[in-house]
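Let's walk through this protein together, one question at a time. Have the sequence and the 3D view open as you read.

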Amino acid sequence: MSTIILRTNSLSKIFASSEGIRDVSVKVEAREIYALLGRGGSGKSTLLNILTGSIAATSGNFTFFESTDVQSEYARIGYVAKMPSLNMSFTIAENLEYYAKVFGIASISSLTSLARSVDIDITEKKKVRKLPFGIQRKLSLAVALLGKPDLLLMDEPFNGLDAIEKRFISNFLLRLSKRENLTIFLTGQRYEEVSKIATRYGIINNGRIVDEFTAATLSERCNRCIKIRTKQTTEATSILEKICPEYEILSDDTIRVFEVLEKSGFINTSLVSAGITVDEISITGENEEIYITNLMGVKKG
């Protein structure tokens with residue numbers, strides 16, 4: 001049986017001017033990377049503020065590590081806010097040393113190693129406020145990891161980063177999940193930013209969870225594939241066996257090929273070179289990003 005790291009039970013937060021979230025129930029299992037996706041103002045930050053104790057829920061409850069005594073579990077949780085929560089008048093080293101004392105970490109070498117792992121220079125003399133936002137974001141992540149948490153909460157961790165920084169953070173989180181068995185719950189607005197690492201998705205729209213599914217389920221729903229039409233299906237499948245064995249014969253003249261969308265040109269060339277007449281080759285199925293974006297209530301495509 002899987003261990004439940006985070007569970008929310010019908011969490012609601014009603015503000016005087018607007019509804020924050022309503023009846024939010026999610027569960028995150030050990031070693032998952034759970035991505036809660038929604039447009040701005042959908043309730044993502046409100047949920048995280050409840051989970052981190054910044055605000056109280058109007059109704060409902062939540063547990064960490066199956067414990068209702070959430071206060072006692074906060075030491076096992078790291079949190080990266082949407083905007084860096086650092087001492088901006090300190091240097092990188094001073095920030096790490098300050099927060100290390102909070103976690104009871106005395107080893108300077110461990111701080112140096114941690115800084116190196118998130119690609120920041122602990123010897124940098126500039127104050128944090130003068131450093132690029134991407135460096136501030138990486139430092140915030142380092143601080144969140146100081147206590148060696150079992151659960152990492154992150155509010156839109158890719159917001160404001162360039163493509164290289166996004167790729168670094170994405171790869172780093174994936175390594176943490178696999179090597180350190182860290183469970184990660186993060187929020188975001190763009191599927192493409194989390195698609196390489198998320199194992200489970202939750203979609204929030206107007207304060208409510210409208211759907212939940214695994215990455216595998218998402219692929220099944222969208223079922224993107226290469227459709228090939230040829231009257232020489234027997235000859236075509238003998239070629240496909242060698243270059244992309246995941247295929248399905250739909251009819252006497254139609255074949256679907258899975259998991260190699262980027263190889264459509266190569267497949268076509270291989271078939272034609274073998275003397276097979278290809279009447280049609282195309283990519284079919286729904287685009288995963290558009291599918292999720294529409295669930296979020298933002299029409300695209």
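Q: In which helix is the place of Tyr98?
A: Keep in mind that this is a predicted model. Tyr98 sits within the stretch of residues 92-103, and that stretch is helix H2.

Q: Is Tyr98 buried, partly exposed or exposed?
A: Buried would need a relative accessible area under 20%, and exposed a value over 50%. Tyr98 has 45% relative accessibility, so the residue counts as partly exposed.

Q: About how much accessible area do Tyr98, Val102 and Phe103 have together?
A: Tyr98 belongs to helix H2. With Val102 and Phe103, Tyr98 forms a nonpolar patch on the surface. Together the three have an accessible area of about 310 Å².

Q: With which side chain does the side chain of Arg39 make a polar contact?
A: Arg39 lies in the loop that runs between strand S4 (33-37) and helix H1 (44-51). At 29% relative accessibility, Arg39 is partly exposed. Its side chain makes a polar contact at 3.4 Å, and the partner is the side chain of Asn206.

Q: How many Å apart in space are Arg39 and Thr293, C-alpha to C-alpha?
A: Along the sequence, Arg39 and Thr293 are 254 residues apart. In space, their C-alpha atoms are separated by 8.7 Å.

Q: Is Phe65 buried or exposed?
A: Look in the loop between strand S5 (59-64) and strand S6 (77-80) to find Phe65. Phe65 has a positive phi, near 55 degrees, in a residue other than glycine. Its relative accessible area is 14%, and because the cut-off for buried is under 20%, Phe65 is buried.

Q: Is Lys148 buried or exposed?
A: Lys148 is not a glycine, yet its phi is positive, at about 50 degrees. You will find Lys148 in the loop between H4 and strand S7 (151-154). With 71% relative accessibility, Lys148 counts as exposed.

Q: What percentage of the residues of the protein count as buried?
A: For the overall picture, the secondary structure comes to 10 helices and 14 strands. The C-alpha atoms fill a box of roughly 70 × 45 × 40 Å along the principal axes. Of the 301 residues, the share that counts as buried is 45%.

Methods:
Residues are numbered from 1 along each chain as its sequence is written. This is a predicted model: local features need pLDDT of at least 70, side-chain atom pairs count only at pLDDT 80 or more; totals for chains, interfaces and linings use all residues. Side-chain values use heavy atoms; hydrogens and water are left out. Helices (H or I, at least four residues) and strands (E, at least two) are DSSP runs, numbered from the N terminus. Buried means under 20% relative accessible area, exposed over 50%, partly exposed in between (1.4 Å probe, protein chains only). A polar contact is a pair of N or O atoms within 3.5 Å; within protein, one must be able to donate a hydrogen and the other to accept it, and residues adjacent in sequence count only if both atoms are side-chain atoms. Patches are made of residues with over 30% relative accessible area and no salt bridge: like charges are joined within 9 Å, nonpolar side chains (Val, Leu, Ile, Met, Phe, Trp, Tyr) within 5 Å. Accessible areas come from the Shrake-Rupley method with a 1.4 Å probe; for residues, only the protein chains shown count as cover. A salt bridge is a side-chain nitrogen of Lys or Arg within 4 Å of a carboxyl oxygen of Asp or Glu.
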